[in-house]
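Please look over the sequence and structure first, then read the points below.

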Amino acid sequence: MGINKEKGFWKIGYKAAALLTGVTILLSGCGSFTGFSVSEVTTNEGDIETKSDDALISVGFSQLGSESTWRSANTESVKASLSTGNGFFLIFDNARQKQEKQFKAVRSFISQRVDYIVICPVIQEGWEMVLTEAKDAGIPVILLDRNIAVNDESLYTTFVGEDMYAEGASAGKWLEAYLEENGISDKDINIVVLEGTTGSSAQVGRTRGFGAIAARHMNWKMQASANGEFTQAKGKETMERLLREFDDIDVIVCQNDDMAFGALEALDEAGITTGEDGDKILISFDGTKKALELVKEGVINVDVECNPNSGDLLAQIIHDLEEGKEVEKTNYMEEKVFTKENVDEYIDDRNY
Ligand code: AHR
């Protein structure tokens, strides 16, 4: 790691691998193609992009997909921070929600002998084998955004991302306080949850965090939890189904903003309103600009932030590792809870 002579060897490896696997090399318009510098490389499927220059830290990044506004912001954040200008050679792969595709990408990064592998794991189970291969190859693995469930924590170097359990608990605590303030904390409260990708740490963490608060209140009735896959389309479809099944919903919890936007479409078509003056309480996660506007308008009651701007922290941690510094095993992003009371302070600065 970090030795220029080795980097030179690896650059030969990248070029050879590119030629052997039949990738298409696209020269970007901003420079000439000399020696082993590759300006931009993409596979025939358009999946992988690489950027290389002298003495760069090579990073293979397996992004889990592009399902949401949040995800696009996260991808942009990593690309901006792990730029050539910042000393990185980034190999990007979009797994399109398939863990198998993530395994394939990781194995490709191992065969390319990158310096670091960064993974946003689509689900939390099932990583032991491929991470053991990375460990055996001596390549540090950094988990980004979502966590994994493994017994052997030496299979990854560090985690950089969000505290999903805390996010879920924040939503529950907000509801607790809101019901209290409105003098309805003793009333039966019927709750439905539109969950994200089943088995993802985002779904598991938020469900457990919210569940821990719900468990304190016998009158909170969890009517249904349904998988909305973190997408707007599935959020709408799921909300439509829940409205057909239940006519007495009080609270709708959407585990991300895209599902909340879909749910709002379904609710609107059914003539149902949400928010402070609406028929139902709406809770969401992420804190996208569009959602914060809906908080401001009073349509979403509360939006718990999930911070996608982890690229700079990731870059800093890789630089620290390069310098041989100890890094924390878990690095959480700072996150807020947005309501009508504080949203004005943050709305203009949102970058996603
Ligand atoms: O893992 C983070 C979650 O995944 C975000 O809440 C969601 O929008 C994304 O798709």
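In α7, the buried residues are G235, K236, T238, M239, L242 and L243. The model that shows this is a predicted one. The points below take up this helix, then the whole protein, then the ligand.

**Helix α7**
- Helix α7 runs over residues 232–245, which is 14 residues.
- At 1.5 Å a residue, α7 should span 20 Å, and this agrees with its end C-alpha atoms, which are 20 Å apart.
- The cover over the buried residues of α7 includes the strands β9 (189–195), β10 (220–227) and β11 (251–254), along with helix α8 (257–269).

**The whole protein**
- The protein contains 10 helices and 15 strands.
- Of its 352 residues, 54% are buried.
- Taking contacts between residues at least 6 apart in sequence, 73% join residues at least 24 apart.

**The ligand**
- Around the ligand are E67, S68, W70, R71, D145, R146, M164, A202, R206, F230, N256 and D286.
- In the side chain of E67, an N or O atom is 2.3 Å from an oxygen atom of the ligand.
- D286 has a polar side-chain atom 2.5 Å from a ligand oxygen atom.
- For R206, a polar side-chain atom lies 2.9 Å from an oxygen atom of the ligand.
- The ligand taken alone exposes 280 Å², and the protein buries 100% of that.

Technical notes
Residues are numbered from 1 along each chain as its sequence is written. This is a predicted model: local features need pLDDT of at least 70, side-chain atom pairs count only at pLDDT 80 or more; totals for chains, interfaces and linings use all residues. Side-chain values use heavy atoms; hydrogens and water are left out. Helices (H or I, at least four residues) and strands (E, at least two) are DSSP runs, numbered from the N terminus. The expected span of a helix is 1.5 Å times one less than its number of residues. Buried means under 20% relative accessible area, exposed over 50%, partly exposed in between (1.4 Å probe, protein chains only). Contact means heavy atoms within 4.5 Å. A residue is near a molecule or strand if one of its heavy atoms lies within 4 Å of it. A polar contact is a pair of N or O atoms within 3.5 Å; within protein, one must be able to donate a hydrogen and the other to accept it, and residues adjacent in sequence count only if both atoms are side-chain atoms. Accessible areas come from the Shrake-Rupley method with a 1.4 Å probe; for residues, only the protein chains shown count as cover.
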